[in-house]
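User: I am learning to read structural terms. Can we go through a few of them on one example?

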Amino acid sequence: MKRNIITWLMLLGCITIWAQGVKPLPTLHVEGRWLVDKHGNQVVLHGVMDTPSNYFNGDRWEGSKARGWWDHYNETGRVNCLNYFEKLFVGMEQAKCNVFRLHMDPAWTNDGSITATGFTKNTENKTIDPNGQVVDGEADISHFSETLYKHWLPTLYLELAKKAMNHGLYVVVRPPGVCPHDLKVGDYYNQYLMLIWNIFSQNEYIKQHAGQISIELANEPVSVKNAQNQDDPKALHDFFQPIVDKIRENGFTGIIWVPGTGWQANYTSYAQYPITGENIGYAVHDYNGWYGCDDKNLSASDVPAATQRKIEQFHNQVPVVDTNPVMITEIDWSPFKPGTGHYNEHGDWVESNYGTWATGRTSVWGSITKGVYEHFGNISMTLSGTGCLLDIDKSIATGQAVPAFDGLAEACGKACMDWYAAYYKVNWPHADDEEETGDFYTLQSISATTNDIEMEEGTKLLISLKANYADGHTQEISDQATFVIDNPAIVSIDKGYIKGLTAGVTKMTATYSKNGKQYQAIFNITVNAREFFSFKKEDIREFFGETGTYNESTRTFHPAQWGQMGWQYTDGVDMSAYKYLVVKLKVAQNCSAHLNIFPQNSIWGSNYQSEDFGNKTTIIIKMSDVAAQIDTKNIHIISFWTNGTGDVVVDDIYLTNNDDYSKTTGICTIQREIENDMVYNLQGVKVGTRSQLKSLPRGIYIIGGKKVVVR
């Protein structure tokens with residue numbers, strides 16, 4: 001009997017291990033903002049990136065060197081490279097990775113004996129591309145050989161993909177090289193990417209494994225303009241959509257990861273002009289200092305507030321996270337270590353660390369970033385290199401996964417090994433042919449993180465609505481449920497985001513249907529009147545371009561050089577009913593300060609710029625002047641700009657319709673007061689005015705978005 005129990009327990013353990021590392025790899029596709037398997041189970045991937053390069057692989061494999069010490073990219077090198085990566089994949093599998101980002105390294109596809117048409121050399125012997133800019137390193141594709149690419153695609157790159165898949169790793173493939181700084185629709189690099197993916201997507205093996213192999217269209221575009229070389233919000237769409245269409249025309253149905261600009265940190269234009277088609281995700285990069293979050297300015301006690309700020313800034317720059325899955329395809333960090341440091345791609349100095357591109361700490365920046373990804377729930381990630389996760393030499397020597405940087409807890413290696421081990425137990429894909437029976441597929445109820453929601457009009461909140469299954473796992477369904485709002489004038493909802501429309505209270509009922517049954521959850525929502533210019537520290541955005549500082553007690557703004565700071569209205573606010581915007585300073589500024597107003601969630605775009613404040617302490621901005629330049633019905637950012645050398649100490653800032661510029665009653669203000677005089681019950685039904693309050697029955701009522709008790 002004991003032997004039977006032991007055998008049964010061993011079998012159960014094997015089943016559990018097999019279920020969480022299913023082979024062959026299940027098929028993945030996109031549904032809404034999620035990666036899902038064939039059963040609709042949501043999947044989040046975690047792993048590393050690497051590139052088959054003798055140089056970047058630390059000389060751990062070599063080619064024949066028949067033509068010299070540098071001759072590695074030949075048949076001998078191919079075999080040795082594949083053997084080396086086989087060892088890496090063993091370590092990745094042990095470290096609970098389930099995705100590998102493969103760079104088709106250009107060392108294999110470059111032929112120094114050829115130079116593409118349109119490339120020249122300047123007097124300093126630097127390469128000038130057809131767009132007229134200097135290019136070097138992997139951004140220089142002048143020696144790209146289509147013949148070599150067609151040779152190494154099936155014999156090296158796809159062999160690496162097969163090995164990765166054999167170890168339970170989905171494969172994201174990026175093209176050879178990196179983008180040059182300045183691109184435009186239809187240029188030579190656009191044509192290069194079209195060629196790469198046209199050849200790639202015609203490969204039969206790739207098409208047969210479209211559920212396991214996906215495409216990342218380009219690496220780190222910086223600036224993309226339209227065909228006339230002009231700034232255009234549609235330029236990114238027009239640059240990548242034809243490539244997507246060609247890939248689909250060739251029969252590849254798998255996931256395509258689309259990059260943004262600004263080194264893959266700006267996706268705002270996709271909110272208006274998204275890439276169309278099925279199975280579209282977005283590939284994003286995330287390093288310390290990006291998205292308004294810099295480790296050096298924070299401590300562990302700042303993590304909760306800084307996490308919320310980064311959530312908001314990430315959402316502003318990557319709004320596609322609302323509609324599509326996102327994969328962070330580059331990220332790393334390790335703490336400061338005395339040494340030399342380096343300049344990053346923005347030209348900013350990065351303090352010396354333990355061997356990563358970015359300097360930061362797990363307890364601060366890492367924890368903040370983890371909180372951001374878990375907040376949205378649909379963000380996968382790959383570290384910037386195998387060496388960011390594993391101590392490669394020790395892992396190969398021992399056959400066991402050893403964390404990088406000697407297991408330093410403040411570095412990404414140890415942190416991600418721990419996180420990946422925990423993530424491995426949830427959001428994993430199930431076999432394509434698995435029967436949908438048992439506790440895992442038995443839905444018991446739905447529930448919300450909170451059923452009582454309070455928000456301001458004009459703001460938007462992502463609600464969390466979970467489906468609870470019999471085995472204990474949950475699945476986010478906020479974008480799949482249907483909603484009925486008792487008073488739709490108070491709030492609206494789209495893809496799980498509630499937007500406050502006007503002050504008041506209402507009830508919202510969520511219904512989720514599965515297998516012929518309906519499940520419900522009820523939300524009580526209070527919307528308070530909007531305050532345009534709050535001086536609370538949590539309402540001031542210190543980061544637009546560079547991070548400044550704000551003192552709440554004195555209302556002192558100190559924007560960093562090249563940076564701005566002020567107020568952000570993520571979903572836009574309507575200020576068109578006002579005649580004046582008034583800024584009152586406590587003291588005259590001495591740092592060339594002025595005010596900027598933006599009609600989009602980015603300072604990179606159209607805007608209204610006031611005159612320099614000079615020695616004035618009262619600045620009057622006519623809203624008619626603003627409206628002549630931008631849409632005042634859709635204001636997203638109002639910020640102070642300075643030269644970075646001084647402070648702007650604010651007494652007040654407000655909108656008014658009074659021609660003497662005083663605060664109080666314009667037409668819009670009177671309307672607001674009338675609205676705020678109305679009394680609503682908890683169901684959002686208007687039951688009287690403030691003057692009638694005492695005559696109402698005992699209970700709780702809402703006036704101006706605030707709860708009032710009648711006893």
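User: At what angle do helix H2 and helix H3 pack, and how far apart are their axes?

Analyst: This is a predicted model. In it, H2 (residues 75–94) and H3 (residues 146–166) pack at an angle of about 15°. Their axes lie 9 Å apart.

User: Why is H2 called roughly parallel to H3?

Analyst: Compare the angle with the cut-off. The angle is about 15°. Angles under 35 degrees count as roughly parallel. Therefore H2 is roughly parallel to H3.

User: What is the handedness of the crossing of H2 and H3, left-handed or right-handed?

Analyst: The crossing of H2 and H3 is right-handed.

User: Which residues make the contact?

Analyst: H2 contributes Glu75, Arg78, Cys81, Leu82, Phe85, Glu86 and Phe89. From H3 come Trp152, Thr155, Leu156, Glu159, Leu160, Lys163 and Ala164.

User: How do the residues of this contact divide into nonpolar, polar and charged?

Analyst: Eight are nonpolar, one is polar and five are charged. Glu and Arg count as charged, so Glu75 and Arg78 of H2 belong to the charged group.

User: Now the strands. In what order do the three strands of the open sheet lie?

Analyst: The order is E21-E26-E25, with antiparallel pairing.

User: What makes E21 and E25 edge strands?

Analyst: Strand E21 (460–462) and strand E25 (491–494) each pair on one side only.

User: How do you know that E21 pairs with E26?

Analyst: Count the bridges. Three bridges join E21 to E26 (residues 497–500). Pairing needs at least two bridges, so E21 and E26 pair.

How values were computed:
Residues numbered from 1 in each chain as written. Predicted model: local features only at pLDDT ≥ 70, side-chain atom pairs only at ≥ 80, totals over all residues. Heavy atoms only, no water. Axes fitted to C-alpha atoms, helices over the stretch in contact; angles between N-to-C directions. Helix = DSSP H or I, 4+ residues; strand = E, 2+ residues; numbered from the N terminus. Parallel < 35°, antiparallel > 145°, perpendicular 65-115°, else oblique. Left-handed = near helix turned anticlockwise from the far one by under 90°. Contact = heavy atoms within 4.5 Å.
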